[in-house]
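Subject: Structure handover and findings

Hello,

Here is the structure I promised to pass on. Please open it first, then read my notes below.

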Amino acid sequence: MLDVTMGSYDGAVTCELIGAYMLSLIAAKFKDRLSLYSDDELAVCRATPKEIEKTKQEACKIFKSNGLKITIKANKKAINFLDVTFDLANESYNPFMKPNNKLLYVLSQSNHPPVLLKNIPENINKRLTRISSSKEVFDNASPPYQKALYESGYDYKLTYDPQPAQKRNKNRKIKVISNNPLWNSNVKTNLGRKFLNIVDRCFPKNHPLHKIFNRHTLRISYSCMPNVKTIIASLNRKLLSDYNQSQNSRLTLDKERNCRKKDRCALEGKCLTSNVVYQATVTTETSTDPFVELATNFKERYRNHTASFRHQNQRHETELSKHIWTLKDNNKSLNLTWKTIKQCKPYNNITKKSQVTDIYPKPKQKKSDEKVKEKGKQKSKPDAEKQEVADLKRQLKTIEVECEKLRGKNRQLRHDLENKIMEEKKAKTKWTTEAKARKDAENDLSLSRKECESVEARLNRLQNKSNENVEKVKREERSKLKETEKKLEAAVKARVEESESLKIEIKNYEAKLKDLQKNSDEKLEKAKQEEKSKLDAKERELAKLEGKLEGQKSENKNLRELLDKLKVENARLKEVLDKKAGKLEETEEKFRAQVKGEGDALNKLAKLRERSGRVFRYKNDSDKYGVIYWMGSNTRTVAWENPSEKSDLAKRVSASRSSDKLGSASDLLNYTKTKRKISCTEDKKESWWSVALSEKFSLYLTHYTLRHGGDNEKSFLRNWQLEGSIDGSDCNWKVLKKHSNDWTLEKSPSHIATWSIEGEVGAFRFFKIVQTGKNSSKDYGIYLSGIELYGVLIEGPNS
């Protein structure tokens, strides 16, 4: 048996044969499709995961029974096989390339046949098109291949060009004789054309061999010449062959002498020789089995053999270890002997040659040769001594001839060395002249550098002057800005004073109204009391009169007339009082209209003052004066954190949304000025995002701020409405503000915008952003990464 080492000349062929054999054994287990390339196999199965796992275990058992190991990955939806990635989930396939793989192609200007150079980019394009399931996959995978082609000097542009599969005629028999002359771009003669002309001239149509040798049965295709590496290696090998032989012979002698345990040595003291074809013979009572192998270092190989004989887990390392372990399992006694057959070099990948020939021992000589040897032994001893002396003389002569050859080679080497020394001297003279030229160039460079330095100094002066002018302009602008700031501050102070004066006036008006109301109420009560007292007195008088008039009927008429007159006077007094009360109400309405004229904001403040709460005023976008920041910083006592991520802060405020696509609902409570988180809902109608305050708080909303939640310039809010609720139930939501085709968030440079709430609005705990139409990308997803609320925060629910 002869083991095939990895990387040997026939290793790939052996691997394919073994793979085909194992594939025939496993094919019965897999009902669908199997494919094999060298030592890589791919199988597509339509079965349950348990069934696939069972077939995997059975395949491993089959390989193990044949003394082989295999690793199988089962139940995979996506897998990389050779240069293709197959994805069963998406029903697609795309090109695959290892991450550390660097694409290299033959240069377009190299010394190769033009047909070969022309077909390289075309074949790459065909292969990429064939292993790409769509044009998008091709476009994503082609850039590294296109870059490698450009770096190799090809102007070919890779394009997706799917072509229908062509049916081949498998029964067609082609009998062609090929001629492969070496190609060299320096040769201008068209060798192919001349060769075909010779064929036409030597084998005309009337020739009996024309059917075999003609333009249709002869194919001309150029082959590449050996590269520089092979040429240099062959030349070095020819020049150093004699030297290497002498060195190898010396080294082998040294190694033979250096064997420490010659009595225990497997090769009788020659175990340190390299590049040896050795034979291990296993003899038993019934049979003798030889095993031949090649080793560059026999001692290391012998150590590995003995280890495989001792350890059972290494029984499958070589065919020799397998055979010995089978004998041990059968309890058979064995004897193992070693010997060298030949010393030779292994296969070389550069020269593609091997010296492993005639490894088996030569056959025995014939009987005639044995008889001649026996006759020679019967000669007398002095004749044998003479022959030995003659042989020694001959050996001396051959040694002298070899010494003369070596001396001649030494002379040639000395001559070559002298020529090299002369060439080095010439090179030194050239180098000195080049050094002088370099010095002159350096002097010129120094002069040019000095000129450049002077120019740079001038430029620096000009820059300094320009900088001074710029600083003057900046100073003037700064002074102007300061003046404008002072003016603005004065205007702000005036506005503040005006607002304070308005507040004072409002307070005075309120006091006057209270006084007027008190005076009018007191006057009305006094008039009523007086009238009541008068009426009581008159009623008393009338009662007295009636009592008196009972006896005096004649006087009753007069008294009745007086009563009628008194009733008329009472009606007149009531009308006068009603007119006075109407005038008072008109004055009150006029005063209230004057107060309303001062602005709706003051009325809101006057109403909000009735409740005790904390005021959060809006200053600018992404400021630190909102309710969310106040709660995230624990009333501005610690550094800000997302309130939903901290347990004690999450009790104050929380966020939720209709669905989750990217990020989470708590991203709405983030506070970042630069980076924005990508967070959004699914593409569904009536998507929403809400913020809920705890039961301790409710908010009179005056402004609110939103921050876009995408990393690109897409999916901006345009159609939505802000709603508020006290308890968060579906039926108790009130629309606070509507937006239709609003581009504010998209046009903002930082994609942050703030809106004010108009009209009288109550206090709410829940605030919801509901999408009423499509966004800028024409879908229903809400992309947000921040919100801020402003207004008056009070404790307890809205009453």
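Glu293 and Arg301 form a salt bridge, with 3.2 Å between the closest N and O atoms. The term means a side-chain nitrogen of Lys or Arg within 4 Å of a carboxyl oxygen of Asp or Glu. Glu293 is buried, because its relative accessible area is 6%. Arg301 has 24%, so it counts as partly exposed. The classes are: buried under 20% relative accessible area, exposed over 50%, partly exposed in between (1.4 Å probe, protein chains only).

Before you go further: this is a predicted model, where local features need pLDDT of at least 70, side-chain atom pairs count only at pLDDT 80 or more, and totals for chains, interfaces and linings use all residues. Residues are numbered from 1 along each chain as its sequence is written, and side-chain values use heavy atoms, with hydrogens and water left out.

**Other salt bridges**

The search of the whole structure gives 10 salt bridges. One of them joins Asp200 to Arg215, with the closest N and O atoms 2.8 Å apart. This pair links distant parts of the chain: Asp200 is in helix H6, Arg215 is in the loop between H6 and S7, and 15 residues separate them. Helices (H or I, at least four residues) and strands (E, at least two) are DSSP runs, numbered from the N terminus. Asp200 is partly exposed because its relative accessibility is 32%. Arg215 is partly exposed too, at 42%.

Glu319 and Lys322 also meet through their side chains, at 3.4 Å from N to O. Both sit in helix H10 (residues 319–329), three residues apart, which is about one turn of the helix. Glu319 has a relative accessible area of 27%, so it is partly exposed. Lys322 is partly exposed at 23%. Why do such pairs form? Side chains of opposite charge can pair when their charged atoms come close.

**Strand S15**

S15 covers residues 720–725, and six of its six residues are buried. Trp720, Leu722 and Gly724 are buried on one side. Gln721, Glu723 and Ser725 are buried on the other. In a regular strand the side chains alternate between the two faces of the sheet.

Which strands pair with S15? S16 (residues 733–739) does, antiparallel, over six bridges. S19 does as well, antiparallel, over six bridges. Two strands pair if DSSP finds at least two bridges between them. Leu722 has a bridge partner on each: Lys737 in S16 and Ile769 in S19.

**Positive phi**

Most residues other than glycine have a negative phi. His751 is not a glycine, yet its phi is positive, about 60°. His751 lies in the loop between helix H17 (744–747) and strand S17 (752–756). It is buried, because its relative accessibility is 5%.

Lys778 also has a positive phi of about 60° and is not a glycine. Its loop runs between strand S19 (766–771) and strand S20 (784–795). Is Lys778 buried or exposed? Lys778 is exposed, because its relative accessible area is 67%.

**Nonpolar patch**

Ile177, Leu209 and Ile212 make a nonpolar surface patch of about 240 Å². Patch members have over 30% relative accessible area and no salt bridge; like charges are joined within 9 Å, nonpolar side chains (Val, Leu, Ile, Met, Phe, Trp, Tyr) within 5 Å. Accessible areas come from the Shrake-Rupley method with a 1.4 Å probe; for residues, only the protein chains shown count as cover. Ile212 belongs to the loop between helix H6 (191–202) and strand S7 (218–220). Ile212 is partly exposed because its relative accessibility is 44%.

Best regards
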